[in-house]
Amino acid sequence: MWWQYTLVFLGAFVFDVVPFPFPPAFTIMVFLQIYFHLNIWMVIFIGVAGSIMGRYVLTLYIPFIAGSIFKPAKNEDVQYLGKILKEKGWKSQMVIIAYSLLPLPTTPLFVAAGMANLKPLYIIPAFFVGKFTSDTILVHLGKYGTENTEKILQGAFSWQSFTSLAIGLLMISALLFIDWRSLIQKKEFKFNFRIWK
């Protein structure tokens with residue numbers, strides 16, 4: 001049954017390597033655990049490893065995409081935001097853990113980290129703590145709901161999933177279109193829609 005666990009890893013990786021909000025990786029983990037009757041702890045460990053690898057790769061390639069599609073001013077703006085995040089030290093780590101525990105897409109967090117050229121090792125340990133905790137809870141809830149597989153699959157198209165997607169898109173838009181340097185340095189809230197090359 002090793003190939004089913006490979007599917008868990010690859011599924012979690014693919015769900016978390018894309019640079020736009022996608023369904024959370026735990027959804028594929030829950031689906032595969034239920035469908036193949038896999039060991040729940042193996043699914044959690046392998047799935048979280050796939051998610052972390054996906055987010056790691058995302059932070060590595062996003063600076064190249066950002067450099068080719070966004071104006072230098074927008075990249076500098078997000079890099080400034082990353083510098084502020086770095087300066088906050090352990091407080092930033094707590095924010096990352098708390099954010100990873102929420103049922104919100106973590107894509108904006110990693111897009112921002114990648115664009116800001118933060119080293120993946122700065123953000124991944126805190127992400128691991130939050131991700132492992134939240135995925136453990138959610139995969140166990142998925143197992144509990146095995147008898148209600150149909151309802152779980154219908155839930156993928158619920159108002160909650162669409163709200164989560166909308167919030168993720170809103171957060172990426174905020175990251176891209178708010179002039180963060182003006183907001184932090186001058187306390188002026190401005191939008192800048194001229195970010196594309």
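Author: Let's start with one idea: two residues are in contact when they have heavy atoms within 4.5 Å of each other. The structure above is a predicted model, in which local features need pLDDT of at least 70, side-chain atom pairs count only at pLDDT 80 or more, and totals for chains, interfaces and linings use all residues. Residues are numbered from 1 along each chain as its sequence is written, and side-chain values use heavy atoms, leaving out hydrogens and water.

Reader: Which residues does Met 115 touch, leaving aside its neighbours within four places in sequence?

Author: Met 115 is in contact with Ile 62, Ala 66, Phe 70, Asn 75, Val 78, Gln 79 and Leu 176. For the protein chain as a whole, take the contacts between residues at least 6 apart in sequence: 78% of them join residues at least 24 apart.

Reader: How many helices and strands does the protein chain have?

Author: Helices (H or I, at least four residues) and strands (E, at least two) are DSSP runs, numbered from the N terminus. Here the protein chain has 10 helices and 0 strands.

Reader: What share of the 197 residues is buried?

Author: Relative accessible area sorts them: under 20% is buried, over 50% exposed, and in between partly exposed (1.4 Å probe, protein chains only). In this chain of 197 residues, 43% are buried. Just after helix 6 comes Asn 117, with a positive phi of about 60°.

Reader: Which residues touch the most other members of the largest nonpolar core?

Author: A nonpolar core joins buried Ala, Val, Leu, Ile, Met, Phe, Trp, Tyr and Cys residues through side-chain atoms within 4.5 Å. The largest one here has 45 residues, and those touching the most other members are Val 8, Val 43, Phe 110, Met 115, Ile 123, Val 139 and Leu 176. Helices supplying at least two residues each include helix 1 (2-17), helix 6 (107-115) and helix 9 (159-177). Helix 3 gives the most, with 9 residues.

Reader: How many aromatic pairs are there?

Author: Rings of Phe, Tyr and Trp (its six-membered ring) pair if their centres lie within 6.5 Å; planes under 30 degrees apart are stacked, over 60 edge-to-face, and the rest tilted. This structure holds 8 such pairs. Phe 45 and Phe 132 have ring centres 5.3 Å apart and planes at 35°, so they are tilted. The two sit 87 residues apart, Phe 45 in helix 3 (residues 40-69) and Phe 132 in helix 7 (residues 120-144). Phe 45 is partly exposed at 48% relative accessible area, and Phe 132 is partly exposed at 21%. Phe 189 and Phe 191 are edge-to-face, with 5.1 Å between centres and 80° between planes. Phe 189 is exposed at 53%.

Reader: Which residues do ring pairs link into a cluster?

Author: Trp 3, Phe 31, Tyr 35 and Phe 36. Trp 3 lies in helix 1 and is partly exposed at 43%. Phe 31 is in helix 2 and is partly exposed at 34%. The C-alpha atoms of Phe 31 and Lys 143 are 9.2 Å apart, although 112 residues separate them in sequence.
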